[in-house]
Amino acid sequence: MNWEIGPIFRAVMRNKVGAVLIALQVAVTMTIIVNAIFIINERKELLARESGIDEANTFYLSSSGFGDNYNAQVTVEEDLANLRQIPGVINATQTNAIPISGGGWSMGLKTEPGVENEGVGVAVYFTDQHGLQTYDVELLAGRNFTDADITWRDPVKGDWPQMTILTQAMAKDLFPDLPYQDVVGKTVFINDDEPIQIIGIIDKLHAPWIGWDGLERVMLVPQHLLFDSYRYLIRTEPGQLDRLMPEIEALLADSNRNRIIRNMNSMTDTRERTYRGHSAMVSMLTIIIVVLTIVTALGIVGLVSFSVNRRRKQIGTRRALGATRFAVMRYFLVENFMITSVGVLLGAAMTVGLNIWLVNSFEMQRIDWYYIPIGMLCLWLIGLLAVYGPARKAASIPPALATRTV
Amino acid sequence: MFRYYLRLALLSYKRNPILSSLMVLAIAMGIGACMTTITVNYIMSSDPIPQKSEQLFYVQLDSWDPNSPAREPNDPPDQVTWTDATNLMKAKQAFRQSAMARSGGVVEPENGDSKPFMTDIRLAYSDFFAMFNVPFQYGSGWDSQSDDNRDMVVVISRAMNDQLFGGENSVGKTVRLAGHNFRVVGVLKEWRLVPRFYDVTTGAFDNTEDFYMPMPLKESLELTSNGNVNCWKRPAEDGFLGFLYSECVNFQMWVELRDDAEKQAYMAFLNSYADEQRALGRFERPNNNRLSNVMEWMAYNNVVADDAEIMLWLSLMFLLVCLLNTIGLLLAKFSGKAGEISLRRAVGASRRDVFMQHLVETGLIGVIGGIAGLGLAMLGLSGIGVLYGDLANDLTSMDPKLVAIALGLALVSSILAGLYPTWRSTRVAPASQLKSQ
């Protein structure tokens with residue numbers, strides 16, 4: 001079959017400007033869309049990460065004591081005893097920081113003592129033997145804390161207890177060559193030279209900072225806090241959260257007048273807030289992609305319609321000389337395909353260029369290669385769809401038109 | 001002539017309403033997207049204190065771990081230690097200076113019905129108010145003697161004054177805060193800083209605090225550290241004072257230096273101070289002290305969010321697509337008018353006249369597109385407000401300057417887009433066109 005590629009190409013070359021405009025538009029559109037989709041997918045991957053805790057049924061609040069009548073130890077002991085026996089509460093723990101909430105403590109652990117050795121950064125959560133159940137994490141190896149392990153941490157003393165439970169990811173980063181079972185029983189060093197023994201490994205728990213590359217590196221420390229301010233993390237049975245939140249807030253506030261209960265939040269709200277920037281980015285980029293596709297497609301429709309109108313007489317003549325409707329339509333489709341091809345080739349180069357620039361200027365990943373061919377295919381398809389309408393109109397021009405003067 | 005061209009342009013718009021509207025829509029979309037992102041970037045990168053941003057300097061001292069820098073590749077820590085903050089304050093080598101930090105405490109209102117609540121406190125020195133042009137409703141800041149004497153005085157925000165004292169002049173009254181009684185010496189007017197540059201470690205777009213008090217009180221009252229604390233060395237001694245006098249950084253140090261000579265003198269002072277401390281066994285790294293003015297400090301801390309910048313560049317490219325689109329459509333439209341142009345040329349219009357006529361026509365499309373784009377930008381900004389909620393406070397309002405930029409951008413870009421098609425339209429050869437009619 002003769003596709004008339006030669007004549008079409010020569011005709012395009014006679015009206016370069018229109019062709020160049022479409023090609024450029026396709027190229028820039030492809031550059032934006034492919035990079036935007038890449039960013040969207042990157043963000044969606046972040047959004048899909050699970051923090052390890054039972055987010056739907058967990059909430060937390062802060063308790064801040066004040067005044068001379070405030071006794072931290074008595075308050076914490078009473079609060080925990082009260083919280084744990086409320087019907088509908090699965091378990092609760094006192095802690096310093098909340099996963100994925102944005103604020104917390106970090107320390108460094110070293111496998112060899114001494115200032116000159118590199119440490120591995122880790123998020124610190126203080127908890128007790130009820131922590132595992134409250135966090136809804138699974139103990140993969142070793143043992144949980146026991147009542148006898150729990151000590152009280154003085155706000156102005158920096159002493160660390162002699163044991164810790166680590167996440168699997170932390171164990172792996174400390175001892176890359178050992179399976180996690182063998183990490184149990186190892187001694188690591190905190191504050192350069194204070195030994196601390198790993199007694200257990202849990203599956204997964206997120207640090208407070210979602211932008212941190214050590215997000216899954218967490219250590220649980222068996223201590224209650226004698227601080228003025230600390231948090232309670234409370235896990236409820238499914239469906240009980242909305243009822244229990246206000247009840248527990250009131251209960252704690254009324255049980256002790258020398259403290260303030262504040263910053264009560266469910267984990268669901270915390271996740272929404274923490275990841276809001278990422279999901280907003282996904283929404284904005286999606287809107288950009290949709291609008292841009294429409295704008296580009298309409299632009300192509302406009303330009304092709306115009307060129308069809310300008311060539312009405314020639315089309316009529318061709319039809320009168322025996323060209324079929326299909327041949328006329330094919331002409332425009334092939335013409336557009338040639339122009340779009342130049343556009344997508346240019347677009348492929350520009351896409352990579354923009355990505356390299358984004359990688360260098362912002363914290364972004366290199367684009368995966370397969371985005372480029374998929375992007376090219378999409379733009380080809382958009383181009384063909386946009387041209388289809390005007391091309392059909394062109395095909396419907398009657399041969400009789402050739403005989404008229406205008 | 002302009003009015004005549006304008007009428008022709010309107011007629012031409014009506015003759016090709018779909019094509020013309022398509023152009024207006026394209027420009028409106030491009031302008032709308034750009035202005036939305038430009039606004040957010042403009043506000044994020046705006047100068048919070050334009051009168052003085054060149055005279056206010058943030059101090060960085062490299063007191064960090066000899067084995068590794070505070071921040072790669074070789075940057076000093078972003079805050080200073082208590083020891084250095086108080087030493088620099090004692091030295092008083094700048095025109096004005098204030099070390100500062102964020103703390104917090106419980107407020108116990110006098111009024112028995114109101115519940116106690118937590119608040120943030122800004123610890124600062126007396127120069128703070130003059131340095132940052134803090135506006136006062138009643139009273140004033142404290143003086144430097146109050147710093148030295150550790151007077152129990154506070155300055156409160158307007159909102160806090162409304163809450164505690166019903167908005168009346170509360171100077172001289174007492175507030176119970178962090179377990180102690182403080183005398184109110186000043187009440188601020190509404191004070192918004194976007195970005196709140198003086199302490200980016202606790203969030204550059206956070207609000208200014210409700211309480212201000214002399215920083216030396218931190219030591220005597222053992223006030224908490226609510227900002228970021230970073231340590232490279234375990235405190236030598238336990239207890240509040242051991243921690244306070246440790247190598248942990250938790251304080252921001254600002255100085256006001258009126259000219260370059262003062263800046264150089266202060267830099268020399270910082271280096272000699274570091275040498276002095278080195279002799280005492282601190283500052284084990286080579287001298288790497290820095291003074292950054294407000295905008296330099298904002299840039300160093302990446303106050304403009306990466307996402308906002310990425311969106312800005314993408315939307316500029318989006319505008320480019322819209323303009324390419326407009327060029328194509330204008331070409332189509334103008335070449336459809338070849339007959340009309342030939343007629344005008346034949347009856348005496350010069351090429352210049354035709355050029356002007358079409359320039360007005362593209363300008364009209366640009367202005368309509370710009371106005372529509374402004375509407376879309378407002379829509380886009382309220383969309384961002386919905387998406388980001390309180391994370392985008394103060395970042396989504398346009399001011400007259402931005403409106404002017406939007407219209408200007410629309411006009412300029414549409415005329416730029418129109419230049420080539422307009423020039424082409426003047427190249428029409430009247431004779432051949434008229435003959436073929």
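Select A:Asp192 to begin: at a relative accessibility of 23%, this residue counts as partly exposed (buried means under 20% relative accessible area, exposed over 50%, and partly exposed in between, with a 1.4 Å probe and protein chains only). The structure on display is a predicted model, in which local features need pLDDT of at least 70 and side-chain atom pairs count only at pLDDT 80 or more, while totals for chains, interfaces and linings use all residues. Residues are numbered from 1 along each chain as its sequence is written, chains are lettered from A and ligands numbered from 1 in the order in which they are written, and side-chain values use heavy atoms, with hydrogens and water left out.

A:Lys110 belongs to strand E3 (residues 105-110) of chain A, and A:Asp192 to the loop between strand E8 (187-190) and strand E9 (194-202), so the pair ties together parts that are 82 residues apart in sequence. Helices (H or I, at least four residues) and strands (E, at least two) are DSSP runs, numbered from the N terminus. A:Lys110 is buried, with a relative accessible area of 9%.

Next, select A:Arg259 and A:Asp79. These two residues form a salt bridge whose closest N and O atoms are 2.8 Å apart. The pair links distant parts of the chain, with A:Arg259 in strand E12 and A:Asp79 in helix H3 (residues 72-84) of chain A, 180 residues apart. Both A:Arg259 and A:Asp79 are buried.

**Where chain A meets chain B**

Colour the two chains separately and turn to their interface. Here 46 residues of chain A are in contact with 41 residues of chain B, contact meaning heavy atoms within 4.5 Å. The area buried between chain A and chain B is about 4,000 Å², of which carbon and sulfur atoms give 75%; buried area is the accessible area (1.4 Å probe) that two parts lose on being put together, summed over both.

How many salt bridges are counted between chain A and chain B? The count is three. To view a salt bridge between residues of these chains, select A:Arg43 and B:Asp307, whose closest N and O atoms are 2.8 Å apart. Across the interface of chain A and chain B there are also five residue pairs in polar contact, both residues being at pLDDT 80 or more. A polar contact is a pair of N or O atoms within 3.5 Å; within protein, one must be able to donate a hydrogen and the other to accept it, and residues adjacent in sequence count only if both atoms are side-chain atoms.

On the side of chain A that touches chain B, the elements giving two or more residues are helix H2 (16-47), strand E12 (259-266), helix H9 (276-310) and helix H11 (325-361) of chain A. Highlight H9(A), which supplies the largest share of that side, 17 residues.

Select B:Pro76, placed in the loop between strand E1 (56-60) and strand E2 (80-81) of chain B. Is B:Pro76 buried or exposed? B:Pro76 is buried, with a relative accessible area of 2%. Leaving aside neighbours within four places in sequence, its contacts include B:Gln60, B:Asn288 and B:Tyr300.

Move to B:Glu361 and B:Lys337, which form a salt bridge with closest N and O atoms 2.8 Å apart. Both B:Glu361 and B:Lys337 are buried.

Finally, select B:Arg102, B:Asp120, B:Arg122, B:Arg196, B:Asp199, B:Asp206 and B:Glu209, which are linked in a network of salt bridges. Over all chains, a search of the whole structure finds 36 salt bridges.

Note on methods: A salt bridge is a side-chain nitrogen of Lys or Arg within 4 Å of a carboxyl oxygen of Asp or Glu.
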